[in-house]
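Okay, everyone, thanks for coming. Let me put the sequence and the model up on the screen, and then I'll walk you through it.

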Amino acid sequence: MTKLPSVTVAQVLAWRPCPPYTRERIRELFGRKRRFTCDDFARLEIPIQDKLWCILHRELIPDKELTLLACRYAKRTLGYECKAGREPDERSWNAIRVARRFIAGEVSQAELASAWAAAWAAARGAAWAARAAKGAAAEAAAGASAYAAEIRWQFRAALKVARKTI
């Protein structure tokens, strides 16, 4: 059986985790283990979004698969917008197409960076428009549950990809 990729405490610290995850806290989470796999991160008693952050690193999921996973996440998010009756900006759809073409070797790194920058600009504009159109409290209440469900889905998808890349 092939082993899953793994990381050390030093590698996790090099990722620059958020302040609650000090060197001491990370060592505590690792316990006696010298290396951690995606499955080890999945079993930790930490918030799901922190588990997701941990496994979305090239040491555990190769760059190509990380890019394809980002495309899946983006396409899913744009699909939510369509279901809500809002057509996402074409720049967002284009960024997904360009990223997939980049993986296939059909476009340059510069073209990929340009497409993603345009998509982020479109997303920022859409976010400001949505905030202006809705009440912040209602939006936050409705969004919290959807956010939690989406993070769980994203984590399961990333874990599946990490396990398949061995």
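Before anything else, a word on how I talk about exposure: buried means under 20% relative accessible area, exposed means over 50%, and partly exposed is in between, with a 1.4 Å probe and protein chains only. Please keep in mind that this is a predicted model, where local features need pLDDT of at least 70, side-chain atom pairs count only at pLDDT 80 or more, and totals for chains, interfaces and linings use all residues. Residues are numbered from 1 along each chain as its sequence is written, and side-chain values use heavy atoms, with hydrogens and water left out.

So, the overview. The protein chain has eight helices and two strands; those are DSSP runs numbered from the N terminus, with helices being H or I of at least four residues and strands E of at least two. Reading from the N terminus, the order is β-α-α-β-α-α-α-α-α-α. There are 166 residues in the protein chain, and 33% of them count as buried. As for surface, the chain exposes about 10,600 Å², with carbon and sulfur atoms supplying 57% of it; that area comes from the Shrake-Rupley method with a 1.4 Å probe, and for residues only the protein chains shown count as cover.

Now contacts, meaning heavy atoms within 4.5 Å. If you take the contacts between residues at least 6 apart in sequence, 61% of them join residues at least 24 apart.

Let's go inside. By a nonpolar core I mean a set of buried Ala, Val, Leu, Ile, Met, Phe, Trp, Tyr and Cys residues joined through side-chain atoms within 4.5 Å. The largest one has 30 residues, and Phe41 and Ile55 have the most contacts inside it. At least two residues of this core come from each of H1 (9-14), H2 (23-30), H3 (38-43), H4 (48-55), H5 (63-83) and H8 (136-164). H8 gives the largest share, eight residues. If you zoom in on isoleucine 55 and skip residues up to four places away in sequence, you'll find it touching Cys38, Phe41, Leu60, Ile61, Phe155, Ala158 and Leu159. There's also a second, separate core of 11 residues, with Cys71, Ile96, Val98 and Ala115 among them.

Next, helix H2. Which residues of H2 are buried? They include Ile26, Leu29 and Phe30. Looking down the axis of H2, the buried residues fall within an arc of 100 degrees, so they line one face of the helix; the arc is that of the directions from the helix axis to the C-beta atoms.

You'll find arginine 16 in the loop between H1 and H2, and at 72% relative accessibility it counts as exposed.

On to charges. I'm calling something a salt bridge when a side-chain nitrogen of Lys or Arg is within 4 Å of a carboxyl oxygen of Asp or Glu, and that rule gives 10 of them. One joins lysine 33 to aspartate 40 at 2.9 Å, N to O. Here lysine 33 is partly exposed at 42%, while aspartate 40 is buried at 6%. Arg43 comes in too, in a salt-bridge network with Lys33 and Asp40. Another bridge pairs arginine 86 with glutamate 81, closest N and O atoms 2.7 Å apart; arginine 86 is partly exposed at 36%, and glutamate 81 is partly exposed at 28%. Then aspartate 89 bridges to arginine 91 at 2.8 Å, with aspartate 89 partly exposed at 32% and arginine 91 partly exposed at 37%.

Cysteine 54 is buried, at 8% relative accessible area, whereas cysteine 82 is partly exposed, at 32%.
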